[in-house]
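Dear colleague,

I am handing over the structure we spoke about, and below it I set out what was found. Please read the notes with the structure open beside them.

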Amino acid sequence: MTSVSFVRHLAVTMVILSITTCVPVFGEDWPCWRGANHDDMCTETDLLESWPAGGPDQLWVNKDTGLGYAGISIAGDHLYTMGLFDDTEVALCLNAENGDELWRVDIGEIFENGWGDGPRSTPTIDDNRVYFMAAQGNLVCCDRENGEIVWKVAMQDFGGGIPQWGYAESPLVDGDKVICTPGGSEGMVLALDKMTGDKIWQSEPFETRNRRGQTTAAPAHYSSVVPAVLDGKKQYVQLTVACLTGISEEGETLWQVEWPGRIAVIPSPVISENRVYATSGYGIGSMAVEVDGDDAETMWRNQVMKNHHGGVIHKDGNLYGHSDQTGFICQSLETGELVWNERNIKKGAVLWADDRFYHIEEQGGRVLLINATEDGAEITGEFVLSPQTELRKPQGRIWMHPVIADGKLYLRDQEILHCYDIRE
């Protein structure tokens, strides 16, 4: 190749590279609770930087997805969720392009609760199967294409007892295992063969103290297990009413830090390199630990973040989410200190995509597009979710987390599921 040809070839290559690096990223799946990386962060790009008055274009609404607080998972043009119809909880598969129902299958009896009946976890998609956790504790594996039940077990089969607000954990599929948290005296965390539902292992029980000061086996609460590699060791991290814990791939407890949870421990742990962050509401607060081998040292513990539910997102060394009595906040992971708070952003669930936060307020259904960094927060779009359910119980709220997949934003209020076009 001559020097002139080489220069031309190099120039063409650089142009091609410059074009490909600007291609928008769409079509990403959302296969499980908090997305593929378990962090409520979507990697899609070229999404709207602001919204017109009234919000982005609404593509479709399905008003028949059943009652409850179940989240959604998406693979390709298939969307999976759950809902309560009459006295039965069902698994649902919808067409993600138009909201039409493709199949439904019964997975459990009704769970009744003053805050709202029905299921409250998110399905997990793995290859040609999808895994559903019903509120009464049935874990059901279905064929993705037709909904046929492959196997079904109950958390009660492994010593579990139904939590006050129902089983809300979303199952984790990792390798050949399904990981979940039955709680109780037979062991806190459980691993099943994902193909058969047979037990592989069950961790030791976790101890907690009741109101009388007696030591008992800790029950399941509402957080979901997160996979992690901490100090080079693969493990499963779970936050319970009793402790924050790392469990090995063989079910052995690697490390444990006391957590004084009360009433309901809900948010999933957040992983950053060798650090684990935990938070819960009811006045408990937050903490960060550093894992070194089979030891975990508490970096700090305070009440700057008291995230009841709705989730916390780690971005560039800071944590973002709603804190009880404080509003939407930015908290330093390194020190635990408050960086800023914005009281005008009310309690709700948060998602991150394309350098912006998507936040839906639990009361009233105000949906916000927020440009937030450690320097502060700016709202660049908002609208009110419409229509909203007329069937929600008085104590209930809008609690499903937002989901983004293939340039579309999905929001849900009980039986009503919304899909919006948010592509630039």
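Which side chain meets that of Asp294 in a salt bridge? The partner is Lys233, with a distance of 2.9 Å from N to O. Please keep in mind throughout that this is a predicted model. Asp294 belongs to the loop between β23 (285-292) and β24 (295-302), whereas Lys233 is in strand β18, so the pair ties together parts that are 61 residues apart in sequence. Both residues are partly exposed, Asp294 at 39% relative accessibility and Lys233 with a relative accessible area of 33%.

Lys234 is partly exposed, at a relative accessible area of 24%, while Asp174, at 17%, is buried.

Strand β18 is itself part of an open sheet of four strands, in the order β17-β18-β19-β20, with antiparallel pairing. The edges are taken by β17 (226-230) and β20 (253-258), and since each has a single partner strand, one side of each is left without a neighbour in the sheet. On average, and with direction ignored, neighbouring strands of this sheet are turned by 25° against each other. Between β18 (residues 233-239) and β19 (residues 243-248), which run antiparallel, there are five bridges, and Gln238 has Thr245 in β19 as its bridge partner.

Salt bridges number 19 in the structure. Glu361 and Arg366 meet in one of them through their side chains, at 2.8 Å from N to O, and both of these residues are buried. Elsewhere, Glu97, Asp406, Lys408 and Arg423 are linked in a network of salt bridges.

Lys347, in the loop between β28 (338-342) and β29 (348-353), deserves a separate look. Lys347 is buried yet has no salt bridge, the nearest side chain of opposite charge being that of Asp324, 4.1 Å away; the cut-off for a salt bridge is 4 Å. Apart from neighbours within four places in sequence, Lys347 is in contact with His308, His309, His322, Asp324, His359, Ile360, Glu361 and Glu362.

As for the nonpolar parts, the largest core has 32 residues, and Trp51, Tyr358, Ile404 and Tyr410 are those with the most contacts inside it. At least two residues of this core come from each of β29, β30 (356-361), β31 (366-373), β33 (403-405), β34 (408-413) and β35 (416-421). Leaving aside neighbours within four places in sequence, Tyr410 is in contact with a set of residues that includes Trp60, Ile72, Ile74, Leu79, Met400, His418 and Cys419. A second, separate core of 30 residues includes Ile247, Leu254, Val276 and Val289.

Finally, Asn95 is found in strand β5 (residues 88-95) and counts as buried, because its relative accessibility is 18%, below the limit of 20%. Not counting residues up to four places away in sequence, Asn95 touches Trp60, Asp77, Asp100 and Leu102. The C-alpha atoms of Asn95 and Gln214 are separated by 51 Å, the two residues being 119 residues apart along the chain.

With best wishes

Methods: Residues numbered from 1 in each chain as written. Predicted model: local features only at pLDDT ≥ 70, side-chain atom pairs only at ≥ 80, totals over all residues. Heavy atoms only, no water. Pairing = 2+ DSSP bridges. Axes fitted to C-alpha atoms, helices over the stretch in contact; angles between N-to-C directions. Buried < 20%, exposed > 50% of the residue type's maximum accessible area, 1.4 Å probe, protein only. Lys, Arg positive; Asp, Glu negative; His and termini not counted. Contact = heavy atoms within 4.5 Å. Core = buried A, V, L, I, M, F, W, Y, C linked by side-chain atoms within 4.5 Å.
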